[in-house]
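Dear colleague,

Please find below the structure that I am handing over to you. My findings follow it, arranged by topic so that you can trace each one in the viewer.

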Amino acid sequence: MKLASLNQGRDGVLLVVSRDLSRAVKVPQIAATLQIALDDWDIKRPQLEAIYQRLNDGLCEDAFVFDQADCHSPLPRAFHWADGSAYVNHVELVRKARGAQMPESFWHEPLMYQGGADTFLPPHAPIAMADEAWGIDLEAEIAVITDDVPMGVTAAEAAGHIQLLMLVNDVSLRNLIPGELAKGFGFYQSKPSSSFSPVALTPDELGEAWRDGKVHRPLVTHLNGELFGQPDAGVDMTFNFPTLVAHAAKTRPLGSGTIIGSGTVSNYDRLAGSSCLAEKRMLEIVESGAATTPFLRFGDRVRIEMFDDQRNSLFGAIDQTVEKYQR
């Protein structure tokens, strides 16, 4: 099943979207918003799936043409957004870039930070920043949305609480990170609003590509129309999604609609390219002693997408331009 939210009101308007992303239908008789559906997921999911089947069969008379540009992130705001670093290869490189050693424990226990969840960006809205000197970076990731997760679940139990998947652009301000982390209290200013793919889908939509708690498909990023990276999200993922969810729930329950991110997708095979500029810059430093790729500048365009074997877009595209913030 594929779901989206029209960019209307603070929490959007829930849509059921056809498998090929061509048509959509509103479902106010079931749930006005995605969060309302998630709050009663055991009851709402079968009702939404029945509409999804009718929509794909061409039987919904009130269906209309689906336009990704009309969408907000599937959850325009959420009660809980936590981002992990499941690709430890990426963590190692980025820490090296700022002269920080990586503890051995990072290979055995996930890193995770809790981000701001009140102002997600629509997937086709600009990334508005006040200053290029902040080191504006993209981070192409995958995220899951959970139902209610009890505190202390095991990874095996957590797998049953993963209900939806999305793509993420977790914008980072690289030049603000070192000073902020040096204070010993974690990210805040260096992690502005993230954006998510127009469409969230249930794991079964991925078929065999969803296995072992991972998405085994390339995550494709273009920068200014040029291919920047297409690492396979199922390769070199040290911690799978059930492990990340269980980690987040170790000391607290997670409410329905909790979003857990994978962190930047990264492969050891450098021919696959990168999913963020910081990683590419670090590889340049290792190879030649200096970074030559700049961070994002005003006017730069980022596109993040994932495709099936027939090159059909699975989640729709995050397609954003960096703009100067005007208050």
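Arg-217 is buried, because its relative accessible area is 16% and the cut-off for buried is under 20%. Please bear in mind that the model is a predicted one. Arg-217 sits in the loop that connects β16 (214–215) with β17 (219–223). Apart from neighbours within four places in sequence, the residues in contact with Arg-217 are Ala-209, Pro-231, Asp-232, Ala-233, Met-306, Phe-307, Asp-308 and Asp-309.

**The open sheet**

β17 also belongs to an open sheet of 5 strands, whose order is β8-β21-β20-β17-β18. The pairing in this sheet is mixed. At its edges are β8 (127–129) and β18 (226–229), each of which pairs on one side only. From one strand to the next, the twist averages 25°.

Two of the pairings can be followed in detail. Strands β20 (residues 301–306) and β21 (residues 318–324) run antiparallel and are joined by 4 bridges. Here Arg-301 has Thr-321 in β21 as its bridge partner. β17 and β18 are likewise paired in the antiparallel sense, over 3 bridges, and Thr-221 stands opposite Gly-229 in β18. These two strands, β17 and β18, form a hairpin with 2 residues between them. In the turn of that hairpin, Asn-224 has a positive phi of about 55°.

**Helix α2**

Helix α2 covers residues 41–56, which makes 16 residues. From its first C-alpha to its last it reaches 21 Å, close to the 22 Å expected at 1.5 Å a residue. Which residues of α2 are buried? They are Trp-41, Lys-44, Leu-48, Ile-51, Tyr-52 and Leu-55. Seen down the axis of α2, the buried residues fall within an arc of 105°, so they line one face of the helix. After α2 comes Gly-58, which has a positive phi near 75°.

**Two loop residues with positive phi**

Asp-212 is not a glycine, yet its phi is positive, at about 60°. Asp-212 lies in the loop between β15 (210–211) and β16. Is Asp-212 buried or exposed? Asp-212 is exposed, because its relative accessible area is 58% and the cut-off for exposed is over 50%.

Arg-311, a residue other than glycine, has a positive phi near 65°. Its place is in the loop between β20 and β21. With a relative accessibility of 54%, Arg-311 counts as exposed.

**Leu-201**

Leu-201 is buried, with a relative accessible area of 0%. Setting aside neighbours within four places in sequence, Leu-201 is in contact with Met-1, Lys-2, Gln-163, Leu-164, Leu-165, Leu-206, Leu-314 and Phe-315. How many residues apart in sequence are Leu-201 and Leu-244? They are 43 residues apart in sequence, and 19 Å apart in space, C-alpha to C-alpha.

With kind regards

Note on methods:
Residues numbered from 1 in each chain as written. Predicted model: local features only at pLDDT ≥ 70, side-chain atom pairs only at ≥ 80, totals over all residues. Heavy atoms only, no water. Buried < 20%, exposed > 50% of the residue type's maximum accessible area, 1.4 Å probe, protein only. Contact = heavy atoms within 4.5 Å. Pairing = 2+ DSSP bridges. Axes fitted to C-alpha atoms, helices over the stretch in contact; angles between N-to-C directions. Expected span 1.5 Å × (residues − 1). Arc of directions from axis to C-beta.
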